[in-house]
Amino acid sequence: MPVVWRIILLVLAGIAAGALGGMGMGGGTILIPVLTIFFGVEQKQAQAINLVAFIPMAVASLIVHVKNKRVETESVLWIIIPATVLSLAGSLVAQAINGEILKRIFGGFLLLLSAAQFFSEEINEKLSEIGK
């Protein structure tokens, strides 16, 4: 792939990842597949690149969301503490797993996430029926 097209594709991936990340949906859903499929980056390396790219995106998005009072500070520690511990555990597990298996797990997660999002209204209706 010519360098110009490589740069254009990386910029487009950054735009898409930034837009999704800014909306709180996770830019990695775009960035990781682009890096692995179009650039041949190994899964573990793509995930690491995504984490580095996530830091400035998260800071910029967080500033906007805090400014617009969309962050519920009373509940956030109940999310941050277990998420931090499990992200450390998850990164250790990811290092122990074969990259090809990790790629399949990530792909399966994206498919599951897509199906859940697509059927979210039906799922919410069923859950509300169960809760009655």
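The secondary structure of the chain comes to 6 helices and 0 strands, where helices (H or I, at least four residues) and strands (E, at least two) are DSSP runs numbered from the N terminus, and the pattern along the sequence therefore reads α-α-α-α-α-α. This is a predicted model, in which local features need pLDDT of at least 70 and side-chain atom pairs count only at pLDDT 80 or more, while totals for chains, interfaces and linings use all residues. Residues are numbered from 1 along each chain as its sequence is written, and side-chain values use heavy atoms, with hydrogens and water left out.

Taken along the principal axes, the C-alpha atoms of the chain fill a box of roughly 55 × 35 × 30 Å. Of the 132 residues, 16% count as buried, a term that stands for under 20% relative accessible area, with exposed meaning over 50% and partly exposed lying in between (1.4 Å probe, protein chains only). The accessible surface of the chain comes to about 10,100 Å², of which 72% belongs to carbon and sulfur atoms; such areas come from the Shrake-Rupley method with a 1.4 Å probe, and for residues only the protein chains shown count as cover. Among the contacts (heavy atoms within 4.5 Å) with a separation of 6 or more, 48% are accounted for by residues 24 or more positions apart.

The largest nonpolar core has 12 residues in all, namely Ala13, Ala17, Leu31, Ile32, Val34, Leu35, Phe39, Val41, Ala46, Met57, Phe106 and Leu110. Helices α1 (3–22), α2 (28–38), α3 and α5 (99–118) each supply at least two residues of this core, and its largest share, 4 residues, comes from α2. Such a core is a set of buried Ala, Val, Leu, Ile, Met, Phe, Trp, Tyr and Cys residues joined through side-chain atoms within 4.5 Å. In soluble globular proteins, nonpolar side chains tend to be buried together.

The C-alpha atoms of Val34 and Ile63, 29 residues apart along the chain, are separated by 27 Å. Leu35, leaving aside its neighbours within four places in sequence, is in contact with Leu10, Gly40, Val41, Ala46 and Ile49. Gly40, which follows α2, has a positive phi near 65°.

Gln43 lies in helix α3 (residues 43–67) and is buried, with a relative accessible area of 4%. Its side chain makes a polar contact with the side chain of Gln47 (2.9 Å); a polar contact is a pair of N or O atoms within 3.5 Å, where within protein one must be able to donate a hydrogen and the other to accept it, and residues adjacent in sequence count only if both atoms are side-chain atoms. Not counting residues up to four places away in sequence, Gln43 touches Ile32, Thr36, Gly99, Leu102, Lys103 and Phe106.

Lys69 lies in the loop between α3 and α4 (73–96) and is exposed, with a relative accessible area of 76%. Although Lys69 is not a glycine, it has a positive phi of about 55°. Most residues other than glycine have a negative phi.
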